[in-house]
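Biologist: Could you take me through this structure, with the cut-offs spelled out as we go?

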2 protein chains.
Amino acid sequence: MGAAAEIPHPFDPLTLDEIEIAISTVKKAHGEVRFNVVALQEPRKAEMTAWLENPETAPRPKRIADVVVIAPGGKVYDGLVTLDEPKIISWVEAVGEQPIITMEELQFVEHICRKDPKVIEQCVISGIKEEDMDKVYCDPWTIGYDERFGSGVRLQQALMYYRPELDNCQYQYPLDFCPIFDADKKEIIAIDIPKVRRPLSKAAAVDYHPAAVEARGGYRNDLKPINITQPEGVSFNLKGREIEWQNWKFHIGFSYREGIVLNNITYNDKGTVRPIFYRLSLAEMVVPYGNPEHPHQRKHALDQGEYGAGYMANSLSLGCDCKGSIHYLDAHFPTQAGGLRTIKNAICIHEEDAGILFKHTDFRDDSVIVTRGRKLIVQQIFTAANYEYVVAWVFHQDGTIQPEIKLTGILNTYSMLPDEDTHGWGTQVFPSVNAHNHQHLFCLRIDANVDGPNNTVYLSDAMPSDAPVGSPENFYGNAFYNRRTKLSTTGEAMTDYDSKTSRTWEICNPNKLNPYSKKPVSYKLVSREALTMLPKPGSLVWKRAAFARHAVHVTPYADDQLWPAGRHVPQTSGEPSKGITEWIGDGSASIDNKDIVLWHTFGVTHFPSPEDFPVMPAEPMMLLLRPRNFFAGNPVMDVPPSYASTPSQVQAGKGAWEAADGMSKLAFEDRETNGHVTKVEGEGGSCCGTSSGVNGTNGVNGH
Amino acid sequence: MGAAAEIPHPFDPLTLDEIEIAISTVKKAHGEVRFNVVALQEPRKAEMTAWLENPETAPRPKRIADVVVIAPGGKVYDGLVTLDEPKIISWVEAVGEQPIITMEELQFVEHICRKDPKVIEQCVISGIKEEDMDKVYCDPWTIGYDERFGSGVRLQQALMYYRPELDNCQYQYPLDFCPIFDADKKEIIAIDIPKVRRPLSKAAAVDYHPAAVEARGGYRNDLKPINITQPEGVSFNLKGREIEWQNWKFHIGFSYREGIVLNNITYNDKGTVRPIFYRLSLAEMVVPYGNPEHPHQRKHALDQGEYGAGYMANSLSLGCDCKGSIHYLDAHFPTQAGGLRTIKNAICIHEEDAGILFKHTDFRDDSVIVTRGRKLIVQQIFTAANYEYVVAWVFHQDGTIQPEIKLTGILNTYSMLPDEDTHGWGTQVFPSVNAHNHQHLFCLRIDANVDGPNNTVYLSDAMPSDAPVGSPENFYGNAFYNRRTKLSTTGEAMTDYDSKTSRTWEICNPNKLNPYSKKPVSYKLVSREALTMLPKPGSLVWKRAAFARHAVHVTPYADDQLWPAGRHVPQTSGEPSKGITEWIGDGSASIDNKDIVLWHTFGVTHFPSPEDFPVMPAEPMMLLLRPRNFFAGNPVMDVPPSYASTPSQVQAGKGAWEAADGMSKLAFEDRETNGHVTKVEGEGGSCCGTSSGVNGTNGVNGH
């Protein structure tokens, strides 16, 4: 790929060569180990910032590999390897910790289960023939935390399913027991068996694959194609992994853990390159399920810390996920044995039309300007067993960044007796299929750099005036204002969303004021998707996923404080809670006019319904990071309009600004479709008719 | 137009012929009057429903014109005219009420102001030369309510501006005084003059028109075109004003008041046509401004009731507002003199690609299905003086309806002394330009018909279990459930949004249960845009715009209860409050298993910032009406996938499902752009590469 061919940028993920160097260096020193992680140790911010400011004179940050291995006997080591003169510079045992689970480890469990006598016994009890064990599947999850086993042994829980036909959606035939797999012994060490047994469902299959759809009468044939083309190519410029588009410039990284990582995001404001964010990523997530019956409490995947949004990334060359002119970047990882693994097209980059960017019509004479917007989308999709997460970073021309997540894929399901009472903890979405209540809680990590590293976060609330109706200050009762509350310490910054005040969070640079409003330049976090983590305070999830206790936490920047549930997440007990609670400590640290990181937890609570089965129509959620008092004026007035006429042009009957975008004319060609005709007389080849009914009313102007 | 050529559907707006018949009938009886409204009186629901069920046998509802006129002397009359044998069937004086303001009335005021000596005097005081009065403009607003004048006299307040150049954005030169215009006398009867005078700003103009942009260095030239084409035409079928698309069918009406009105919305569920909504519209709105200083409290436009989202509709042939294959419908209205006025292309209808509809990958073998979605958009744009509102009704294939509003246009502005203290009621967005805090509160009217007329609304809240952590019922503390609260009476139904419980409202049909979940079929209102009306209880706005007191009200259906701020909105005092409060009365009426209407108020609070000036980048907000427990399964499995491969195909190395949508292949053609190459070897002409790194890990399967 283009990127790999050049000298890597300090923010670039490790190249295949670099991964190989790290692996061979470790093997030389420590022999045969299993490689769970060989990834970039991100450059120390101080060094990196110095280099970004003076790439010619400042030393270029060294390339260092962050390595996690499992040695024979299950010992876990964290290592650092310099890559220029290959050398292990740090090697520490992570005692009682379990590193991230790799795809290979996930692949393995099913094959053990099929051969395990006790699992076979349970399958037979469920009504599966012994010779049909090849039709038994499992989705192996880390055990999360189970006090019976603790953290010392590397475990996975096997969520069991039956697939009578190879192509069936397996989630319609869940089994009611749960084997526990020991990754070191490579054997099943226990099986959780419910008191109430639920035999295998006998329901006829409902599938979404083409043959099944054909058997049900076939695909609908009334969708005409929509073609989206960019005959002149794309509007962005990609050098290695640095992209420039519509005044934006940033670096696109990719981590095994977080997936897409965006660094050094700047906006060229009329020639001044202004920093906004040093780093943006989806840093962690947790998906707690709401069924209290053992062992379902273990279903609360911290998917990024436990499996990795990078490791689980889809290859976008399988399945055409975008339309138009798409650019791709690959991802490179180690295999456990020390080989190399590439996910082809792990990231896609493309533009989309963004609808109306701005419009105004003067009601007097219908003089009008309308300008269409464009957006840039940097996207990945990862598959966490049953679920698909489509993660898109959407950049708008007006300085807005819109992180967007779409949920699709398949519900995690559990077996139930025909019409068994779910006690409100789940929904029967298909005969004998119980889909449990769950939440998807995501943690957005915002390493702020709004016009410089020193920023302050304010709560912004919409408040009615305190003065009563009838008082001189508020006689008619209509007064309202924007109440801004400074968050001075990490303790004060533990804040929640309040829809009653349309709360937002302003990341300000108190050292720089807007020339007109005299307010500090800021980026505002607008999130209507903030929600309450429903597992109670003191619950297992609350202890393990502390980042989800509040909508917002703010911490002073520190290198390596990247993942708010901790570095090694599988089988953490939450006692003490790892990650963000450690960093916040007693809450006294100042975050006022400092280099800060804002952590925002958002998501959705999902009470399943039959519409979601056997595969879910995508459900979107989005946030906005919007410039407020950042620019001195609308920054997109120089985007060519698709149509513009001024009052003087209307008076003179002169031609209007030609559509900058030829395609807009399409809308006004004569056409006949479905018996419905729209005919508009063109004006000098422009796309727009001359006669407007409203003009008809302008006759009164003269009177 | 196609529609007008046929016998009108009972839901169709009045045709030009019908408007003429109504006008001539009224003129014959009452001589010269000013016509403010000549519109369809919507068919009585009982008659209409009977006819919809049996169009052959049931009587076709009669066409009746709803007429509002102002007679000489300012007397207002409400009339009804049957159109088959033209006849006035009702004629009632509306005593002390003021009908909607027409565009003509708005056009008129400016020309009076320019000639009025007192206005000229104030302009001179502000620093405008007497000979420059032709450069003085005003945005006339209804006075709202001003206790000094009451409701008997028809008044407008003139928000004054100066435009040194004809093509200037006038909102950058606001004047500090406010003339009051009497529409009957056609003269200025008073001028509100502030204690502190604010002379005309001397700031150099900032404009967004092409000449101004060229003078600042011209338009950016780095945007490559995105072409969106539908070579085979559109996927919808439009007969008259009835549209069919992807199992949806509904009628597209248009009212002077609400703009787009959607009727009889049904979804064809595998051959069964299921009603969902009888009528959907944006029924009212209010834009309160937060500056308590007199006379700014009068700035709280109820734009639909006071001016009409139909009357203010943009002609979409001026300015190319959409891309692709667009269909249009015109709007026809009377002029005040009894002439005819047509807004060409007042409604646009088109399809857009909707991104991924669903996707799932099996992590074992990368067998995958990905299907792209499509949406249908029925849209209008209206200009309320400075602001534009883009109102879109977005239909999704999965049964979701997404009402969406984009705000653009220009801020309402007031003059300020250089760097005068705004006291937090506004922001200086440009030198001497104060943009006051304001809210945009919209009221969505949902006439529910979910599998039949008798529906019940439930509050739906996401709640943790009451059982404490450690208790047998909730040992690990992870239990949570969906608390549903029935709203039995109009009083109980006055409810607000609660982000802490991710509250939604379920419109259920309690008489029909989902076959699997056994829950009532329902449509769920998902609105994260609900907000608090900031003017206080007892305030003028609170009294006049009672619909905005709560996020949701529910009323039993009654003919003609369409507009929640009342039929005649200009100059209502709010004492008593009109519309929804009258209908709710003592709150005792049952709404349980009845034909009901749900009113939802949502919107945005806007604290302006310089980015918004001189023209605002569009700010979107959207709601969802989602089927829950309505379908027995995912209703879009028969949408052709763009790519699908099954485990058996992967095992056999057989070709996958061909992309249904040829354009998706584009993404995988070889291409070279900006020096960055992506090359993927095609597979039998399919768009998708064969090699996925993840496959590399599957080797372990065999072991």
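Modeller: Let me start with a term: buried area is the accessible area, taken with a 1.4 Å probe, that two parts lose on being put together, summed over both. This is a predicted model, in which local features need pLDDT of at least 70 and side-chain atom pairs count only at pLDDT 80 or more, while totals for chains, interfaces and linings use all residues. Residues are numbered from 1 along each chain as its sequence is written, and side-chain values use heavy atoms, with hydrogens and water left out.

Biologist: OK, what area is buried between chain A and chain B?

Modeller: About 19,100 Å² is buried between the two chains, and carbon and sulfur atoms give 57% of that. On the side of chain A, the residues that lose the most area to chain B are A:Arg220, A:Tyr476 and A:Phe480, which together make up 5% of what that side buries.

Biologist: And how many residues are in contact?

Modeller: Taking contact as heavy atoms within 4.5 Å, 223 residues of chain A are in contact with 224 residues of chain B.

Biologist: Switching to charges, how many salt bridges are there between the chains?

Modeller: The count is twelve, where a salt bridge is a side-chain nitrogen of Lys or Arg within 4 Å of a carboxyl oxygen of Asp or Glu. A:Glu110 forms a salt bridge with B:Arg364, and their closest N and O atoms are 2.7 Å apart.

Biologist: Which strand of chain A gives the most to the side that touches chain B?

Modeller: That is strand 17 (residues 340–361), with 16 residues, strands being DSSP runs of E with at least two residues, numbered from the N terminus.

Technical notes: Chains lettered and ligands numbered in written order. Helix = DSSP H or I, 4+ residues; strand = E, 2+ residues; numbered from the N terminus.
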